[in-house]
Each structure stands twice: as C-alpha cells, then as structure tokens.
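Let me jot down what I look up, step by step.

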Amino acid sequence: MPRSPAFLVALAAILSTPAFAAPKPEASSLDPELKLNQIQVLGTHNSYAMPVDKRLLAIVDPILGRITSDLPARLPPDERAKFREEHPNDVSASDGLGYLHPDLTTQLNEGMRSLEIDVNPDPLGGNFADPAGYRLLRAKGVTDLLPYDASAMNAPGYKVLHIPDVDFRSHCPTLKGCLTEIRDWSDAHPDHVPVFLVLEAKVADLALLPEPTHTVPFTPALFDDLDHEIVSILGRQRLITPDDVRGTHRTLNEAIRAGGWPSLRAARGKIIILMITATGEAATRGYLAGHPSLEGRAAFLRAKPGEDHAAFLMFDNALVRQREIRDYVRQGYIVRTRSDIEAFEAKTNDMRRATAAFASGAQIVSTDFEHAGNAFGTPYVVRLRGGGVARRNPSFPEPARAAERASFR
C-alpha cells in the first residue's frame with residue numbers, strides 16, 4: 001500500500017531523532033575556553049603503590065629512623081633544606097607509607113585527574129626481581145609474604161616502584177603496563193578532562209638492608225628511550241607536549257607567560273606528562289641535553305621559575321609556599337602541591353595543608369587519602385572542593401556578568 005506524504009514525513013522525523021541524547025563531557029559546566037592552567041584537579045601521590053609487608057617495615061623502621069631527622073643526614077648539604085621543606089613531618093617509615101590506593105583504572109573512574117608514577121631504569125632486566133627485604137624475611141622463616149610478581153621484573157624496561165628492597169609492590173610493576181592501562185581508560189572516555197601524569201625519574205639507592213639492590217642512573221640515552229616508550233604507548237596525538245605549547249615563541253617559558261596553554265576544549269581526551277627528576281641537577285641536564293627549552297621532548301620538566309624550559313613547578317608544602325604558588329599560577333605556570341605529606345595529616349586529622357593547597361590555586365593537588373577510611377582510624381579524607389573531577393581554578397575567578405558590571409558603573 002502506498003504511504004501518504006504525511007506518513008513519510010513523520011517516519012523521517014522519527015528516524016532522524018537520536019535514540020538518546022549524546023552524553024555530556026565530564027565537567028561540562030566548565031567554560032570550554034578556560035586554559036589548561038586555569039582549572040584545578042585532585043590527584044594521587046605514588047598512585048601505583050601497594051602496601052608494604054608490615055614485618056618488613058618493622059625491620060626498616062629502626063634502620064631508617066625518623067624520616068626528616070635522620071634521612072637528611074645522608075644528603076648533600078645543598079639538598080637538605082629542600083628535603084626538609086618537602087618532607088616536613090617527623091614520622092616513621094611505617095606511618096609515612098601508611099596509605100592505600102586502588103588500581104589506576106579505579107582511581108581514574110573515581111575522578112582522579114592526576115596520577116604519579118615512579119620510574120626506575122632497568123635496561124638489562126631483573127634488577128628488581130629479588131628484593132633484599134623479602135630475602136631477609138624468608139631467611140627468618142616467613143613464608144606468607146604479601147604477593148610480589150617477580151616475573152614482571154625480569155624483562156628489560158622501566159620498572160615502577162617506590163623504594164628498592166622495601167617499598168616495591170605495585171599495581172602495575174612496569175611503566176609499559178601503567179601507560180597501557182591509562183591509555184585504555186582514555187580510549188574509553190574520549191571527552192575526559194586532561195590527565196596530568198607525573199613521572200618521577202627516580203634512583204633511590206638507599207643501602208638499607210644486606211646485599212641491597214643498586215639502581216641504574218638516568219642518562220640522556222635512557223631519557224630518550226623513556227620518551228620513546230611514552231609516545232609509542234600513549235600515541236603522539238594524545239599528548240600535550242612542550243612543542244605544542246611553545247608554538248612560535250622563542251622559549252617555553254615565554255610561551256606559558258603569554259597564555260600558550262591550550263583550552264580545555266582542545267585538551268579534552270589528552271594527557272600531559274610532568275616529569276620530576278629526583279636524581280638532582282645531573283638528571284635535569286640529561287633530559288635537557290640536546291633539547292633546549294624541551295624541544296622534541298614528551299614531558300614538561302620540573303623547573304625553577306624563569307628558566308627557558310620552565311612551565312611546570314612543584315611546591316609540595318603549600319603551608320609554606322601558598323603565596324608563591326598563587327603568584328606563579330597567575331604568571332602562567334602549572335604547579336603541583338600536596339594536601340598531605342608522609343600521612344601525617346591523616347594520622348592527626350589535620351586539614352590545614354589541604355585547605356592551603358586548594359586555596360593556593362595549584363592546578364594539581366595530590367593526596368594519599370582520596371578515600372574515606374584509613375589505617376589511622378581518623379575521618380581524614382580529601383575531595384576536590386565543590387566535587388566533580390575538575391573546577392575553575394580559584395586564582396582565575398569567574399568573570400563578572402554584564403548586569404553585575406553595570407551595577408558598578
């Protein structure tokens with residue numbers, strides 16, 4: 001039977017109507033023209049970490065002593081003051097490691113938009129496969145050790161762990177595994193708020209136990225290989241790199257001071273790598289060697305304000321640096337700070353550092369206590385102010401509406 005024109009028009013209207021509305025991107029209430037440095041997110045510190053066996057901590061505590069009173073004595077004089085600022089709480093290793101994160105995918109699903117991963121070179125493979133701490137416990141007759149998959153540590157590549165021989169258990173023991181997990185989550189959430197991935201290029205060669213693991217120093221070649229692994233797994237199109245931000249400016253620092261960061265609209269679905277070099281100035285020079293102003297590099301390197309490559313700063317102690325953080329954020333820098341350090345704030349249920357961190361305007365506030373419930377039995381938990389996965393940075397307040405502006409004329 002031939003259909004009437006009215007029927008055909010109605011059918012076309014039905015077929016052209018979506019079965020459901022397209023989902024809104026997360027944090028859809030944020031102005032899409034906000035720059036990347038004009039938002040604030042919550043992230044986690046040592047995001048990969050799994051608990052240390054308590055019997056091992058009982059051995060390490062008297063050896064390591066109090067973190068801020070004993071450990072700095074092992075450092076060169078010029079590094080002690082910075083260490084004490086960034087590690088201000090006099091706590092034991094047991095307390096300082098008293099946190100628990102779920103796997104990276106769960107953290108991202110729960111709204112964390114910054115993750116921190118410690119990267120340890122292992123070019124020959126197997127360097128971290130037999131931790132001295134577990135050898136010592138087995139020699140004492142311990143057979144029910146917390147699980148540790150040594151097989152993942154045998155192949156050459158970058159390994160993810162905090163302190164060799166002591167704090168070595170990880171949700172993703174290889175960098176390749178961590179990056180693959182983040183990539184897969186990003187693929188499943190293409191409109192996500194950009195993820196700030198902090199990589200700590202780390203060589204923590206603390207000879208605390210008999211027959212310790214000796215780490216491999218970073219070199220320019222190992223940094224080249226690290227960049228290659230980042231790009232090959234995450235994909236260049238998913239990354240916001242120094243070259244993207246520098247544009248036609250002479251230096252990266254000049255670009256970020258001139259508003260060179262991309263908009264939130266352009267940055268959705270992207271990942272930005274922020275690198276910390278815990279191995280000191282030599283490692284910093286190694287990442288910059290042959291790459292002035294980070295040309296061709298995958299990561300933004302922690303810097304001092306005003307350096308040619310400076311775009312990312314880190315001031316973990318917001319109680320001391322709140323005013324400076326606010327000033328640098330307004331100049332265009334991206335800053336990472338912490339809401340709690342060595343679990344001290346969770347143990348004492350002290351929210352002052354978290355309050356200072358959010359108020360400072362640091363774009364990334366990092367916590368070890370994103371979940372309610374902790375090993376200390378306190379109500380301490382850190383949430384992004386206002387909820388959600390991102391908010392407008394308090395250093396860049398909402399512009400006044402036209403009617404409000406008119407009222408002041």
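I started with burial, and buried residues make up 51% of the 409 residues in the chain. I keep in mind that this is a predicted model. For the surface, I noted that the chain exposes about 18200 Å², with carbon and sulfur atoms supplying 56% of that area.

Next I looked up the secondary structure and found 17 helices and nine strands. I also checked how far apart in sequence the contacting residues are. Taking contacts between residues at least 6 apart, I see that 76% join residues at least 24 apart.

Is T277 buried or exposed? Its relative accessibility is 13%, and buried means under 20%, so T277 counts as buried. I found T277 in strand β4, which covers residues 271–277. Its side chain makes a polar contact with the side chain of T284, at 3.0 Å. Setting aside neighbours within four places in sequence, I list A201, F223, A283, T284 and L301 as the contacts of T277.

My last stop was a helix pair. Two packed helices are described by the angle and the distance between their axes. How do α14 and α16 run relative to each other? The axes of α14 (residues 318–331) and α16 (residues 352–360) come within 9 Å and cross at roughly 5°. Angles under 35 degrees count as roughly parallel, so α14 and α16 are roughly parallel to each other. From α14, I wrote down A318, L319, Q322, I325 and R326 as making the contact; from α16, the residues are R352, R353, A356, A357, A359 and S360. I sorted the residues of this contact into six nonpolar, two polar and three charged.

Note on methods. Residues are numbered from 1 along each chain as its sequence is written. This is a predicted model: local features need pLDDT of at least 70, side-chain atom pairs count only at pLDDT 80 or more; totals for chains, interfaces and linings use all residues. Side-chain values use heavy atoms; hydrogens and water are left out. Helices (H or I, at least four residues) and strands (E, at least two) are DSSP runs, numbered from the N terminus. Buried means under 20% relative accessible area, exposed over 50%, partly exposed in between (1.4 Å probe, protein chains only). A polar contact is a pair of N or O atoms within 3.5 Å; within protein, one must be able to donate a hydrogen and the other to accept it, and residues adjacent in sequence count only if both atoms are side-chain atoms. Contact means heavy atoms within 4.5 Å. Axes are lines fitted to C-alpha atoms, for helices over the stretch in contact, and angles run from 0 to 180 degrees between N-to-C directions. Angles under 35 degrees count as roughly parallel, over 145 as roughly antiparallel, 65 to 115 as roughly perpendicular and the rest as oblique. Ala, Val, Leu, Ile, Met, Phe, Trp, Tyr, Cys and Pro count as nonpolar, Asp, Glu, Lys and Arg as charged, and the others, Gly among them, as polar. Accessible areas come from the Shrake-Rupley method with a 1.4 Å probe; for residues, only the protein chains shown count as cover.
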